[in-house]
Amino acid sequence: LVRLTYEGTVPNAIRTATLTTGTVNVAYPWVGDPLVVPYPSEVIDVTAKTPAQISTEYTEKITWFNTVNFTGASVSDWVNYLPLNIPEGKTVEWEATVNGNVSMSVILLMSASRGTFIVKGGSIQNSGGGSSIHSDSPGTIIVSGGTVRHTANGVAISNKGNGTVNVTDGLVTSATNSTTFGTIENDGTGKINVSGGTVSNTSTGVSIWNAGAGTVVTVSGTAVVSATTSADGAIRNVSTGTINIEGGTVTSAITTSTSGTIRNSSAGGTVNVSGGIVQNTATSNVNRRAIHSNNDNGVINVTGGVVQLTEGAPNYDGITSAIRGGTINVTPPGVVIPWN
């Protein structure tokens with residue numbers, strides 16, 4: 001073995017260019033493809049660059065580095081998406097600020113992407129017809145800070161594959177008024193976990209749209225999932241998926257007769273409340289519900305936490321004031337408060 005020391009920038013081939021400062025052991029002479037040596041991390045500044053230019057730079061750097069960190073800010077709105085294929089075991093950390101007017105998505109995680117995309121700061125915002133982040137992959141999206149926002153009738157995070165979205169802090173929000181998707185869309189076979197931060201809808205749409213059969217949405221910790229007067233509530237279970245409320249707060253002021261803060265609208269979906277608060281803050285209205293199941297086959301289990309109506313005159317319709325439809329199981333220490 002011959003020890004070679006390189007200084008400079010990442011090469012396309014180890015034979016013809018130089019590596020970022022480091023020490024590499026290589027066999028000499030070598031045969032075949034250039035040696036690929038992963039280095040810990042590298043930075044891409046998005047300032048004054050197009051998505052195409054950034055994509056070229058990213059493709060080169062993710063080959064050599066375990067982590068690629070995006071910084072800087074876009075000078076003008078992007079009109080094309082940035083495709084990212086993150087290999088398994090590698091990470092993209094996002095701390096840049098980017099605004100887009102893109103019909104598809106600002107960030108597109110390709111179907112082969114198996115690594116981790118982390119929003120640590122900055123923002124990803126779209127005002128076009130698509131999403132801010134779209135994933136067809138089995139990889140993981142983590143929002144631990146910053147903002148993921150859609151300012152128009154679109155999706156902030158679209159999870160179409162079998163990947164996982166974890167929101168631990170920061171803000172994920174949209175102004176969508178759609179009845180066919182939400183701020184976060186879980187429309188594959190993946191999972192949504194919200195343990196901190198805020199997921200919100202500032203218009204008349206839903207905050208989390210759980211559309212896949214068997215898919216799981218879990219709210220825990222200090223998370224806040226909120227909607228205003230959405231016809232579909234803060235969380236909607238569209239198919240046979242499961243919604244687990246283990247902590248945090250899920251809240252809305254909805255007064256639609258066929259919905260609630262959580263809407264279980266499938267033929268066999270399940271809502272489990274074992275902690276946290278599920279509430280409807282609307283003033284007195286016969287249609288205000290914390291949880292509503294549109295089908296008798298739906299199941300609502302309250303084994304902990306609080307399900308409540310927080311405002312307005314007392315409603316003496318008992319538990320069904322706050323919860324209606326399907327099979328309702330309330331087991332102490334679970335609490336259902338029909339009024340406050």
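**Figure 1. Surroundings of Asp77 in the predicted model.** Leaving aside its neighbours within four places in sequence, Asp77 is in contact with Asn99, Gly100 and Asn101, in a model that is predicted. The residue is found in the loop between strand E4 and strand E5 (82–84). Although Asp77 and Gly100 are 23 residues apart along the chain, their C-alpha atoms are separated by 4.6 Å. With a relative accessibility of 43%, Asp77 counts as partly exposed, a class that lies between the limits of 20% and 50%.

**Figure 2. The protein chain as a whole.** The protein chain contains one helix and 31 strands, and 52% of its 340 residues count as buried. When contacts between residues at least 6 apart in sequence are considered, 73% of them join residues at least 24 apart. The accessible surface of the chain comes to about 13,300 Å², and carbon and sulfur atoms account for 50% of this area.

Figure 3. Helix H1 runs over residues 51–64 and has 14 residues; from its first C-alpha to its last it reaches 20 Å, close to the 20 Å expected at 1.5 Å a residue. The buried residues in H1 are Pro51, Ile54, Ser55, Glu57, Tyr58, Lys61, Ile62 and Trp64. An α-helix has 3.6 residues a turn, so residues three or four places apart point the same way. Ala48 lies in the loop between strand E3 (39–45) and H1, and its relative accessible area of 59% makes Ala48 exposed. Most residues other than glycine have a negative phi.

**Figure 4. Aromatic pairs around Phe70 and Trp94.** The count of aromatic pairs comes to three. In one of them, the ring centres of Phe70 and Trp94 are 5.1 Å apart and the ring planes stand at 25 degrees, so this pair is stacked, the limit for stacking being an angle under 30 degrees. Phe70 belongs to strand E4 (residues 65–71) and Trp94 to strand E6 (residues 91–94), so the pair ties together parts that are 24 residues apart in sequence. Phe70 is buried, with a relative accessible area of 0%, and Trp94 likewise counts as buried at 0% relative accessibility. Ring pairs link Phe70 and Trp94 with Tyr58 and Phe117 into a cluster.

**Figure 5. The largest nonpolar core.** This core has 59 residues, of which Phe70, Leu84, Trp94, Ile107, Phe117, Ile291 and Val307 touch the most other members. Strand E28 contributes the largest share of the core, namely four residues. Around Leu84, and leaving aside its neighbours within four places in sequence, the contacts are Tyr58, Phe70, Val92, Ile107, Leu108, Leu109, Met110, Ser113 and Phe117.

**Figure 6. Polar contacts and packing of His150.** His150 lies in strand E13 (residues 147–150) and counts as buried at 1% relative accessibility. A polar atom of the His150 side chain lies 2.8 Å from the backbone oxygen of Gly128, and the side chain of His150 also reaches the backbone nitrogen of Ala152 at 3.1 Å. Not counting residues up to four places away in sequence, His150 touches Asn126, Ser127, Gly128, Gly129, Gly130, Ser131, Ser132, Val155, Ala156, Thr173, Ser174 and Ala175. One of these residues, Gly129, is 21 residues from His150 along the chain, and the C-alpha atoms of the two are separated by 9.2 Å.

**Figure 7. Asn301 and its contacts.** Asn301 lies in strand E28 (residues 299–309), where its side chain makes a polar contact of 3.0 Å with the side chain of Asn272. Apart from its neighbours within four places in sequence, Asn301 is in contact with Thr270, Val271, Asn272, Val273 and Asn329.

**Figure 8. Arg288 in the loop between strands E26 and E27****.** Arg288 and Gly260 are 28 residues apart in sequence, and they are 6.7 Å apart in space, C-alpha to C-alpha.

Definitions and conventions
Residues are numbered from 1 along each chain as its sequence is written. This is a predicted model: local features need pLDDT of at least 70, side-chain atom pairs count only at pLDDT 80 or more; totals for chains, interfaces and linings use all residues. Side-chain values use heavy atoms; hydrogens and water are left out. Helices (H or I, at least four residues) and strands (E, at least two) are DSSP runs, numbered from the N terminus. Buried means under 20% relative accessible area, exposed over 50%, partly exposed in between (1.4 Å probe, protein chains only). Contact means heavy atoms within 4.5 Å. Accessible areas come from the Shrake-Rupley method with a 1.4 Å probe; for residues, only the protein chains shown count as cover. Rings of Phe, Tyr and Trp (its six-membered ring) pair if their centres lie within 6.5 Å; planes under 30 degrees apart count as stacked, over 60 as edge-to-face and the rest as tilted. A polar contact is a pair of N or O atoms within 3.5 Å; within protein, one must be able to donate a hydrogen and the other to accept it, and residues adjacent in sequence count only if both atoms are side-chain atoms. The expected span of a helix is 1.5 Å times one less than its number of residues. A nonpolar core is a set of buried Ala, Val, Leu, Ile, Met, Phe, Trp, Tyr and Cys residues joined through side-chain atoms within 4.5 Å.
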